[in-house]
Every structure is written in C-alpha cells, then in structure tokens.
Amino acid sequence: MLAAGGAIAALLATGCRNDGPPTASVTPENGSGAITVVAESTSFSVERIEVQAGATTTIALENRDAVAHMLTVYVAASPEGDIAADTGEVAGGERGEAVVFFAAPGEHAFRCEIHPDTMRGTLVVR
C-alpha cells in the first residue's frame, strides 16, 4: 500500500539481518541514488538509511540468510500506520530492490515484518 503525504515507493525487495545491534548508516554513493542493505544472521547491516528529499533512491536488499525476510518502510517515524513501501517476503539467497521517493525531509521507520523486534531502523530524508 502506498500512502499519501509526499511518499512514493515501489517494489522494495529485501532480506533482514541481526547479528548484534547494527550501528552503521548508509547513504547513496557519489550521487548514484543507490543503497545496498544486507540481511544476515537475522539482522540488517545498518540501522540508519539516509536519502535526499526530492531524489529517487534505489534500495537493494541482499538476503544472506537461509530464511525469508522483508523490509517495510513506513510513512511515519514509528513502525505503525501507513506503509510507504514493502518488499514482501524475500527468500534466502535472493536480492531485491525498491525505488523510494520522499518529497520532504523527515524520519521514517523500517523493519522486517517477520522479525520486527530485532530487525528495524530509521530512514532519514534530508
């Protein structure tokens, strides 16, 4: 489901990871508009994704686990309410992408709906 309020996102495919609390953040490299997040040991490789307002960003997720994961981005700063993008379930060893566009700065929660207590983070739009 796509929500109004300046968020447009499509086709987010993912994996999820948790080998301890992730502390890294990731931003698009050299203006490429592309980010990769790895899912391994039931944890995401990052807890923070940073993107530019008004820019289209492709988020690629690699699932290095044997179990399925997913990545859901919410319109709000907490993982409740309207969903901006969702990968659906991604099988182990698979890779998927999502194209995300947020018109205005703000914070948006993301998490794996299969492992919501351990696989979560914040997408920051600057």
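Predicted model: local features only at pLDDT ≥ 70, side-chain atom pairs only at ≥ 80, totals over all residues.

Mentor: Two strands are taken to pair if DSSP finds at least two bridges between them.

The description starts with strand β3, which spans residues 34–40. On one side of the account stands strand β6, residues 56–63, with which β3 pairs in the parallel sense over six bridges. Within this pairing, valine 37 stands opposite leucine 61 of β6. As a general point, side chains in a regular strand alternate between the two faces of the sheet.

Strand β3 has a further partner in strand β4, residues 43–44. Here the sense is antiparallel, and the pairing rests on two bridges. Glutamate 40 has serine 43, in β4, as its bridge partner.

The turn itself deserves attention. The hairpin of β3 and β4 has two residues between its strands, and serine 41 and threonine 42 both lie in that loop. Most residues other than glycine have a negative phi. Serine 41, although not a glycine, has a positive phi of about 55 degrees. Threonine 42 is likewise a residue other than glycine with a positive phi, near 55 degrees.

Side chains of opposite charge can pair when their charged atoms come close. The count of salt bridges in the model comes to five. One of them joins arginine 48 and glutamate 50, with an N to O distance of 2.7 Å. Glutamate 50 also forms a salt bridge with arginine 126, at 3.6 Å from N to O. This second pair links distant parts of the chain: glutamate 50 belongs to strand β5, residues 48–51, whereas arginine 126 lies in the segment after β11 (120–125), 76 residues apart. Arg48, Glu50 and Arg126 are accordingly linked in a network of salt bridges.

Glutamate 50 counts as buried because its relative accessibility is 17%, under the 20% limit. Arginine 48 is partly exposed, at 27%, and arginine 126 is partly exposed, at 46%. Another salt bridge, between glutamate 113 and arginine 111, has an N to O distance of 2.9 Å. In that pair glutamate 113 is partly exposed at 27%, while arginine 111 counts as buried at 15%.

Threonine 87 sits in the loop between β8 (83–86) and β9 (95–102). Its relative accessible area is 14%, so threonine 87 is buried. The side chain of threonine 87 reaches the backbone nitrogen of leucine 71 at 2.9 Å. Phenylalanine 102 lies in strand β9 and counts as buried, at 3% relative accessibility. Phenylalanine 102 and glycine 54 are 48 residues apart in sequence, yet their C-alpha atoms are 5.9 Å apart in space.

The whole chain supplies the setting. The protein has zero helices and 11 strands. Of its 126 residues, 42% count as buried. Among contacts between residues at least 6 apart in sequence, 69% join residues at least 24 apart. The protein exposes about 5,900 Å², of which carbon and sulfur atoms supply 50%.

Note on methods:
Residues numbered from 1 in each chain as written. Heavy atoms only, no water. Helix = DSSP H or I, 4+ residues; strand = E, 2+ residues; numbered from the N terminus. Buried < 20%, exposed > 50% of the residue type's maximum accessible area, 1.4 Å probe, protein only. Polar contact = N/O pair within 3.5 Å; in protein donor to acceptor, adjacent residues only side chain to side chain. Salt bridge = Lys/Arg side-chain N within 4 Å of Asp/Glu carboxyl O. Contact = heavy atoms within 4.5 Å. Areas by Shrake-Rupley, 256 points an atom, 1.4 Å probe, with all protein chains shown as cover.
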